[in-house]
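Please read these notes beside the sequence and the model.

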Amino acid sequence: MLNNILYATDLGLYGPYILEHVCELANKHSARVTVIHAVEPVSVFAGALLETYVPQEDKAALRLHGYEAVMTTIRARVRQAFEEDFIDRSEAKTCIQDVLVLDGEACEVILETARAVDADLIVMGTHGNQSDNSTAIGSVASKVLQLSHIPIYLVPTTAVGIRPNQQQLRKTRI
């Protein structure tokens with residue numbers, strides 16, 4: 001039985017399509033949904049730029065106050081984007097319990113959040129390299145699939161895997 005579903009999103013193009021699957025599962029099982037969005041750590045290049053060009057006292061202040069301010073801004077924007085762009089269906093609003101934005105490596109954030117919310121299922125897109133058809137599943141989805149102790153529901157997000165909705169079909173026929 002599904003009680004808690006974790007929806008891992010990158011807020012990309014296919015997010016609303018994946019959300020349809022999440023809502024359908026949640027409604028069929030009367031489950032609650034927690035949404036997680038991981039913010040990757042600063043790249044090595046960006047870190048090197050900070051080390052090279054930012055004075056030591058500014059780096060300390062940035063670590064102490066700036067980082068949390070940036071994360072607060074990102075969290076607010078993700079929640080706003082999710083509510084405006086992703087949730088256009090009333091059932092999505094009722095099944096979503098929380099939208100979390102955490103920093104860290106995406107795979108680790110997803111698996112740790114799944115444990116923390118006692119998720120029964122993780123739902124995510126396959127992604128992969130859209131320009132190279134040889135990669136059907138992305139690195140994050142692959143890692144989560146390999147390391148998770150709970151079931152994973154992968155939604156294909158390659159161009160072939162996306163089915164247009166009825167409104168898109170009507171526009172195409174006209």
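1. Strand 1 (residues 4-8) and strand 2 (residues 32-39) run parallel and are joined by 5 bridges. Asn4 is placed opposite Arg32 of strand 2. Strands (E, at least two residues) and helices (H or I, at least four) are DSSP runs numbered from the N terminus, and two strands pair if DSSP finds at least two bridges between them.

2. This is a predicted model, in which local features need pLDDT of at least 70, side-chain atom pairs count only at pLDDT 80 or more, and totals for chains, interfaces and linings use all residues. Residues are numbered from 1 along each chain as its sequence is written, and side-chain values use heavy atoms, with hydrogens and water left out.

3. The open sheet has 5 strands in the order 3-2-1-4-5, with parallel pairing. Strand 3 (96-103) and strand 5 (152-155) are at the edges with a single partner strand each, so one side of each has no neighbour in the sheet. On average, neighbouring strands are turned by 20° against each other, direction ignored.

4. Helix 1 (residues 15-29) lies across strand 1, strand 2, strand 3, strand 4 (121-125) and strand 5, at about 175° to strand 1. Helix 6 (residues 139-147) lies across strand 4 and strand 5, at about 160° to strand 4. Contact means heavy atoms within 4.5 Å; angles run from 0 to 180 degrees between N-to-C directions of axes fitted to C-alpha atoms, for helices over the stretch in contact.

5. Buried residues (under 20% relative accessible area, 1.4 Å probe, protein chains only) of helix 1 include Tyr17, Ile18, His21, Val22 and Leu25. After helix 1 comes Ser30, with a positive phi near 50°.

Definitions and conventions. Buried < 20%, exposed > 50% of the residue type's maximum accessible area, 1.4 Å probe, protein only.
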